[in-house]
Amino acid sequence: MRPIDGIHHITLITGDARANVDFYVRVLGLRLVKKTVNQDDPSVYHLYYADEHGSPGADITFFEYPGAQPGQAGAGMIAAIIHRVSSEAALHFWQQRLGAEGITAERNDGRLLFTDPEGMSHELGVFERPDEPLIAGSSEVPEEFALQGFEGVRALVADPARSEALLRETLGFSELSDHDWEARGEHRGGRIIFERSDRLGIPGAGTVHHIAWAAYRNELERWRERIIASGGHPTHVIDRFYFESVYFREPSGILYELATSDGAGFAVDEPAETMGERLALPPNYEPMRSKVEPILTPLPDIRQWRPTPARTDG
Ligand code: ZN
């Protein structure tokens, strides 16, 4: 079996979809690559932000729970998302840009730390990696300063030792240093860094719901079998339309997903150039479009933040 290809996507909860789009598209310069609904509740959004192509490795998604109260990361939850940027100049750019938005961004140990409007922690850092930078086009953020995809996440757990066997023996991660684990595959690498905490987590707005690791379609069933053999309880393979998924809770309580990086992709149901602009509905909800669209939260027009097309003479 091929190794896990780093992080596929990270899914969070937002209580304010409108402010969420404003922050992740306008401020952070990501592309909204899919505006769809929760497959289990079509009255609320599932929003996917990523690089220009909606690539695994840069995909941060939000379930909308309108009016959800802010949560707080605790034991068994992801507490921070670490993104790659190209240079020290990029860190300086982001500190200025976030500051101008009234967001405190602090330098710490070579990284830039800040939170989104609902309290989710993010870190930007410069890392020497062979991975292709995953960049979105934005009218707001110059390409040289753009976020380049996930480096990893920080997770809070009561006892990091509990998660070791699953990562090392079942999923094939390597321990780079104490409690700092990397999944490195043919295309990308991604890390999960465990920090000890007994704090009780509160799920809610601005918290991570689950983290998905990238796998291949023809190996998803075999991953399931390995997880079962290790004592885990994975779901069946679920068709998420843009990719396929298996979910399971790891021993410290974090919800993991294995998602396919060679699935249909986000351009399967709309043109790649205009992805995210129109509401995409799973086929079974398409007949209800006229009923679904009016009850969804109105969102900003993301076309205003698309890069200006290059001018050509003549
Ligand atoms: Zn997911």
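1. A residue is called buried under 20% relative accessible area, exposed over 50% and partly exposed in between, with a 1.4 Å probe and protein chains only. By this criterion Y24 is buried, with a relative accessible area of 1%.

2. The model is predicted: local features need pLDDT of at least 70, side-chain atom pairs count only at pLDDT 80 or more, and totals for chains, interfaces and linings use all residues. Residues are numbered from 1 along each chain as its sequence is written, and side-chain values use heavy atoms, with hydrogens and water left out.

3. Aromatic contacts. Rings of Phe, Tyr and Trp (its six-membered ring) pair if their centres lie within 6.5 Å; planes under 30 degrees apart count as stacked, over 60 as edge-to-face and the rest as tilted. The structure holds 13 aromatic pairs. In one of them, Y24 and F62 are tilted, at 4.9 Å centre to centre and 50° between the planes. Y24 belongs to helix α1 (residues 17–27) and F62 to strand β4 (residues 59–64), so this pair ties together parts 38 residues apart in sequence. F62 is buried, at 0% relative accessibility. Ring pairs also link Y24 and F62 with F23 and Y49 into a cluster.

4. Another of the pairs is formed by Y48 and Y242, which are edge-to-face at 6.2 Å centre to centre, with 75° between the planes. It links distant parts of the chain, 194 residues apart: Y48 is in strand β3 (residues 41–50), and Y242 is in the loop between β14 (238–239) and β15 (244–249). Y48 is buried at 5% relative accessibility, as is Y242 with a relative accessible area of 4%.

5. Donors are N, O and S atoms within 2.8 Å of the metal (3.2 Å for Na, K and Ca); water is not among the atoms, so sites may look incomplete. The protein donors of the zinc ion are H9 (NE2), H210 (NE2) and E257 (OE), at 1.9 to 2.0 Å from it. H9 lies in strand β1 (residues 7–14) and E257 in strand β16 (residues 255–260), 248 residues apart. Both H9 and E257 are buried.

6. Sheet. Helices (H or I, at least four residues) and strands (E, at least two) are DSSP runs, numbered from the N terminus; two strands pair if DSSP finds at least two bridges between them. An open sheet of eight strands runs in the order β6-β7-β8-β5-β9-β12-β11-β10, with mixed pairing. Its edge strands, β6 (106–108) and β10 (174–177), each pair on one side only. β6 and β7 (residues 111–115) pair in the antiparallel sense over three bridges.
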